[in-house]
Structures are given as C-alpha cells and as structure tokens.
Amino acid sequence: MSLNVDSAAVAFTFKGGMLPMTVMELSSADPERIRQQLAGKLSQSPAFFQHTPVVLSVEKLDEPHLALERICAVCRDHKLLPVAVRGGPEPVRQSAWALGLGWFPPIEEGRGRVLESVNTTPVHEVTRDEPALNEGEPPALATRLYRGTVRSGQQVSASEGDLVVIGAVNAGAEVLAAGSIHVYGALRGRALAGIHGNTQAGIYCRELEAELLSVAGNYKRLEDIDSQLLGRPAEVHFTKEQLEIKSLG
C-alpha cells in the first residue's frame, strides 16, 4: 500500500545547482590595500558593485591568520557581499563559519568535482560514542602563550594545543585553539576552542563579554549568554549536547 504525501506539507527541497559566482582572489591580506583597490574599481565600474555576491579566495596567501572580518567589512562598504571563503588552513575555515560564511576547499582539492550531493548532516556533529581524539593517539600537548592584548581585527591561534592569552581579547578580535583557551583578562571578541572537534576543550576567562563562544563547532553568541554571567570570570564547556557557561570560582 502506498502512502500519499501531501505536497502542501513540504516546505522545501534540496536541489543541486551551478550558479554564477564572482571569485575575489586575494594576493594581499591587508584590508587597507584591498580598500584602496576596490575604491578604484568602483569608480571604473560602478554597475558591478551593486550587492554582487563574491567568494573570497585566500589560496595565494601565505598568512594563515587573516583579518577576515575587516576584509568582509571593506567588501560590504563597497557593495560587495562575501558569501564564502575558498582555501586556507583550519583557523580560516573556523573564522569563516564564525562570521556566517561558507567555506570551500582549495581548488586543487576540489578539482574534478563539479557537483556533489547535498549533505544535510551538521558539519561539526559529534555523538557521545565518538571519541574526541583517535584511539591510540596521545593528546596534543603543545601550548601557545601569547602576551599582550589581541586587538580588533587580529587573530591568534594554537593549531595543536591550548592557547593562553596573558591579556585581553578586544571586540572584533579572534582567538582559536585545537585545545582549550585561557584568557587572563577580558574576553570581548570571539573565542573558538576545540577547532578540530575536541569536545573536551573549554574556554576560561577573567571577564566574559564575548561576541561569540564556540567549543567543537557549537556556538553561542553574546545575546544568548545569561546577562548575570557577563563581566565576571567564567568557564565554557560542551556538556549534554550544548554549551554550558558558568561562573568560574
């Protein structure tokens, strides 16, 4: 016996498609140099700069730590709409996701794959039965110590272990770590711990004012944080399939 599905109950369908997209291939990570060149392009071809969606290609850049938020802001100031980033190491991918952008692998990795089936599974989904690290592998022990203030538009990362910041993380700045993040000052920017999927990682700070918190790809924004925790020492962990934020000490 066949079951009839009411078409009115279907809210959407996934379909593969190939849409025209402009790729902005960056050869400099300096937002001011990008701004100057865009201003010149805008005077030459104003019709092009009418909310045109663009993919930011960072494959030619040697710098793994990009001021990605500032670059996107420069693009938007000139009526370009960044929708995704192509290429770059893990910190770049995490930054793109934190800013609400998509991420594509470098063209060398993706060449020959014209269209792939849509995967509806969340990218960072981790189940309780899956270990955070491969069995038999020792945990990464490398810890990066950063002294000073992480300023707006700056990114500091520890790709193999914990990150310790002896200072503050300003609004618009970003800190990332494969392990845990410790901030011995105010955390006002974005903090992404466990960027390789380590659900045992945590975030610890002396003063919580973060724009965004993430552990193993699970996010919580400033407006989602209990106001009673703001401005106080706090710790963040991934517990029971969600981020838990509580007072430290």
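This is a predicted model: local features need pLDDT of at least 70, side-chain atom pairs count only at pLDDT 80 or more; totals for chains, interfaces and linings use all residues.

Residues are numbered from 1 along each chain as its sequence is written, and side-chain values use heavy atoms, with hydrogens and water left out.

Let us turn to the sheet. Five strands, in the order β6-β8-β10-β12-β13, make up an open sheet with mixed pairing. Strands here are DSSP runs of E with at least two residues, and helices are runs of H or I with at least four, numbered from the N terminus; two strands pair if DSSP finds at least two bridges between them. At the edges stand β6 (155-158) and β13 (218-221), each of which pairs on one side only. Strands β6 and β8 (residues 174-177) run parallel and are joined by four bridges. Within this pair, Ala158 is opposite Ala177 of β8.

Now to the residue. Is Val165 buried or exposed? Val165 counts as buried because its relative accessibility is 0%, where buried means under 20% relative accessible area, exposed over 50%, and partly exposed in between, with a 1.4 Å probe and protein chains only. Leaving aside residues up to four places away in sequence, Val165 touches Tyr146, Gly148, Val150, Val175, His182, Val183 and Tyr184; contact means heavy atoms within 4.5 Å. From Val165 to Val175, the C-alpha to C-alpha distance is 8.9 Å, at a separation of 10 residues in sequence.
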